[in-house]
Amino acid sequence: MITDVSSEMVTAVLPLYLVAGLGLSPLGFGLLDGLYNGVSALVRLTGGHLGDRFGRHKALAGIGYGLSALCKPLLLLAHTLPAIGAVLALDRTGKGLRTAPRDALISLAADPAERGRAFGVHRAMDTAGALIGPVLAFLILRGAADGYDAVFTVSACVAALGVLVLVLFVPGRRTTPATAAPVSLRGALGLLRVRDLRRTGLCALLLGLCTVSDAFVFLLLQRAAGIADRWFALLPLGTAAAFFLLALPLGRLADRAGRRTVFLGGHLALLAVYALLLTGAQHPVLPYAVLLLHGGFYAATDGVLMAEAAGAVPEEHRGGGLALVQTGQALARFAASLGFGAAWTLWGARPALAVAAVLLAAALAGCLWLRPAAAPQA
């Protein structure tokens with residue numbers, strides 16, 4: 001929760017800082033945004049595998065959180081596209097190292113029948129930080145002379161506090177392989193032969209290729225609703241509020257009604273977001289409807305996907321197995337961000353979004369065919 005306060009302070013102002021402050025084109029911003037969300041995919045497998053191999057998921061998570069915390073003050077020194085790209089890549093490297101070990105800790109600590117609820121609780125706590133972060137960024141931007149630099153400075157201090165709390169207070173559980181043979185990377189990659197995990201990962205990849213990144217959604221919403229620049233930093237707050245309120249209920253629903261069903265339903269909510277943005281009507285209800293559906297999309301997909309994937313992965317490969325799914329999804333979203341930024345630059349915002357909506361509808365239809373084998377929720 002504390003770490004997300006730090007991260008979301010930066011995320012809330014980064015699109016406006018890059019586009020309005022530094023004058024980047026949509027294509028340049030798409031490259032950086034894709035880098036921000038996709039570079040972590042290159043190291044998620046490493047983080048998940050090392051956590052499994054040594055049974056120290058907490059230690060790997062701590063290294064990842066620490067690396068990301070070190071990157072926050074570097075944003076004060078980066079004012080060009082290559083420099084900002086390098087800082088964001090390093091920050092996402094830290095995120096890649098920590099994500100799979102952290103989710104492995106959650107799945108190992110939860111009862112198999114309640115994994116959706118457990119991940120819902122985690123995502124709700126995580127999103128509580130996402131609610132606080134944009135508010136702090138908004139207040140700092142309004143009150144500080146050098147608003148962006150002040151946001152980055154406060155974010156660095158909060159990130160350091162989060163690492164300290166992790167090291168001192170978060171319990172860790174050391175796992176041991178079920179067999180005497182050491183956990184190998186080949187064994188982790190061999191999990192792709194597991195039918196249910198393979199199909200779950202393929203669904204996540206296909207849908208990720210059609211997912212317009214948060215930053216683009218907020219920029220599109222700002223244009224569609226005519227929102228002033230000074231209110232832009234509050235848009236992530238709306239998504240986070242909906243995510244916070246819906247994460248636990250939808251996690252419980254996933255445990256009872258089926259995690260795959262809820263996951264696909266979340267992407268229907270995203271498709272509705274695209275449809276509303278394509279209307280282009282400056283209706284006063286538009287921002288609230290878009291942000292509610294956007295938060296519902298994350299509540300129905302983020303933790304639910306990990307709960308679904310965990311049921312197909314043995315404990316000794318839990319981190320690596322979850323990392324496989326996360327990697328496929330992250331790479332797909334990286335490609336989607338690049339593609340959408342290029343399409344916006346070439347065709348304009350509305351045609352690019354229309355293409356994304358058509359592709360998402362087609363991907364949802366394809367995922368209905370990629371049905372895992374019938375099995376109890378475990």
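A salt bridge is a side-chain nitrogen of Lys or Arg within 4 Å of a carboxyl oxygen of Asp or Glu. Keep that in mind as you look at this structure, which is a predicted model. By that rule, the count comes to seven salt bridges.

Let's start with Lys 72. Its partner is Asp 91, and the closest N and O atoms of this salt bridge are 3.3 Å apart. The pair ties together distant parts of the chain: Lys 72 sits in the loop between α4 (57–71) and α5 (81–109), while Asp 91 belongs to helix α5, and the two are 19 residues apart.

Next, find Glu 114 and Arg 117. Their side chains meet in a salt bridge too, at 3.9 Å from N to O.

Within it, zoom in on Asp 103 and Arg 102: they form a salt bridge whose closest N and O atoms are 3.1 Å apart. Both Asp 103 and Arg 102 are buried.

How many cavities of 30 Å³ or more does a search of the whole structure find? It turns up four. The largest cavity holds about 100 Å³ of space. Twelve residues line it, and those nearest its centre are Thr 200, Cys 203, Arg 260, Phe 263 and Glu 308. To place this cavity in the fold, look at α9 (195–208), α12 (259–279) and α13 (286–310), the elements that each give two or more residues to its lining. What kind of residues are they? The lining of the largest cavity splits into seven nonpolar, one polar and four charged.

Finally, head out to the surface. Here Leu 161, Leu 164, Val 167, Leu 168 and Phe 169 make up a nonpolar patch, with about 540 Å² of accessible area together. Take Val 167 as your landmark: you'll find it in helix α7, which covers residues 147–169. Why does Val 167 count as exposed? Exposed means over 50% relative accessible area, and Val 167 qualifies because its value is 53%.

Key:
Residues are numbered from 1 along each chain as its sequence is written. This is a predicted model: local features need pLDDT of at least 70, side-chain atom pairs count only at pLDDT 80 or more; totals for chains, interfaces and linings use all residues. Side-chain values use heavy atoms; hydrogens and water are left out. On a 1 Å grid over the protein atoms alone, a cavity is a set of points where a 1.4 Å probe fits but cannot get out, and a pocket is an open set with protein on both sides within 12 Å along at least five of seven lines; lining residues have an atom within 4 Å of a point. Grid points are joined across faces, edges and corners, and a volume is the space filled by probe spheres set on the points. Helices (H or I, at least four residues) and strands (E, at least two) are DSSP runs, numbered from the N terminus. Ala, Val, Leu, Ile, Met, Phe, Trp, Tyr, Cys and Pro count as nonpolar, Asp, Glu, Lys and Arg as charged, and the others, Gly among them, as polar. Patches are made of residues with over 30% relative accessible area and no salt bridge: like charges are joined within 9 Å, nonpolar side chains (Val, Leu, Ile, Met, Phe, Trp, Tyr) within 5 Å. Accessible areas come from the Shrake-Rupley method with a 1.4 Å probe; for residues, only the protein chains shown count as cover. Buried means under 20% relative accessible area, exposed over 50%, partly exposed in between (1.4 Å probe, protein chains only).
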